[in-house]
Amino acid sequence: MRRYQWIIRGLFAVIFIAGGTAHFVLGRVQPEGYAVFGETPLFPWLRELWVSFVMPNIGWLTVLLGIYEIACGAGMLWRRTVTIASWGMLAFLVFITIVGYGFPTNSIGEDLLKNRSITIVMALLLVPLLRGGRHPR
């Protein structure tokens, strides 16, 4: 289990730090690229929120998202902050599962496969890190 935790911590640290950095860049050079996320939320009110609030404010929201992701990724690097970083990552992954990735689909199964399965798998990989206790260095 220690080896698993060490690998998952390193993998998620890289993914989240790189993702946060990508949001800093993409929020500046291609902010319109975030519009597709408003096409696949599970709830209609979230689609409206995306169009009416998120997209008009995407510049500063991508900065906040970048900071959040980098903080979660960095939290995986220190044993004392692994649990809180894991919960932060899980919250982000639940949100992305609800919003989806914006890929067009024709059925619920296709939507699950294209827009939600990756984040569900990632969330499941985090489960062993969610409880407190000793984590490998």
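Student: Which helix gives the largest share of the lining of the second largest pocket?
Tutor: This is a predicted model, in which local features need pLDDT of at least 70 and side-chain atom pairs count only at pLDDT 80 or more, while totals for chains, interfaces and linings use all residues. Residues are numbered from 1 along each chain as its sequence is written, and side-chain values use heavy atoms, without hydrogens and water. Helices are DSSP runs (H or I, at least four residues) numbered from the N terminus. For the second largest pocket, the largest share of the lining is three residues, and they come from α5.

Student: How many residues line that second largest pocket?
Tutor: On a 1 Å grid over the protein atoms alone, a cavity is a set of points where a 1.4 Å probe fits but cannot get out, whereas a pocket is an open set with protein on both sides within 12 Å along at least five of seven lines; lining residues have an atom within 4 Å of a point. Nearest the centre here lie Glu39, Thr40, Arg47, Thr105 and Asp111. By class, the lining has five nonpolar, four polar and four charged residues. The number of lining residues is 13.

Student: Let's look at two of those residues. Is Glu39 buried or exposed?
Tutor: Glu39 sits in the loop between α1 and α2. Beyond its neighbours within four places in sequence, Glu39 is in contact (heavy atoms within 4.5 Å) with Arg47 and Gly102. Buried means under 20% relative accessible area with a 1.4 Å probe and protein chains only, exposed means over 50%, and partly exposed is in between. The relative accessible area of Glu39 is 52%, so this residue is exposed.

Student: And is Asp111 buried or exposed?
Tutor: Asp111 belongs to helix α5. Not counting residues up to four places away in sequence, Asp111 touches Leu42, Thr105 and Arg116. Its relative accessibility is 14%, so Asp111 is buried.

Student: Now for the other pocket: what is the volume of the largest pocket?
Tutor: A volume is the space filled by probe spheres set on grid points, which are joined across faces, edges and corners. The second largest pocket holds about 160 Å³ of space. For the largest pocket, the volume is about 780 Å³.

Student: Which residues lie closest to the centre of the largest pocket?
Tutor: At least two lining residues come from each of α1, α2, α3, α4 and α5. Ala, Val, Leu, Ile, Met, Phe, Trp, Tyr, Cys and Pro count as nonpolar, Asp, Glu, Lys and Arg as charged, and the others, Gly among them, as polar; here the lining divides into 23 nonpolar, six polar and one charged. Of the 30 residues lining this pocket, the closest to its centre are His23, Leu65, Glu69, Phe92 and Ile96.

Student: How far apart are the end C-alpha atoms of α3?
Tutor: Helix α3 covers residues 58–75, which is 18 residues. The expected span of a helix is 1.5 Å times one less than its number of residues.

Student: How far apart are the end C-alpha atoms of α1?
Tutor: The buried residues of α1 include Phe12, Phe16 and His23, and what covers the buried residues of this helix includes α3, α4 and α5. With 28 residues, α1 should span 40 Å, and this agrees with an end-to-end C-alpha separation of 40 Å.

Student: Which residue follows α4, with a positive phi?
Tutor: Helix α4 has 18 residues and reaches 25 Å from its first C-alpha to its last, close to the 26 Å expected. What covers its buried residues includes α1, α2, α3 and α5. After this helix, a positive phi near 85° belongs to Gly100.
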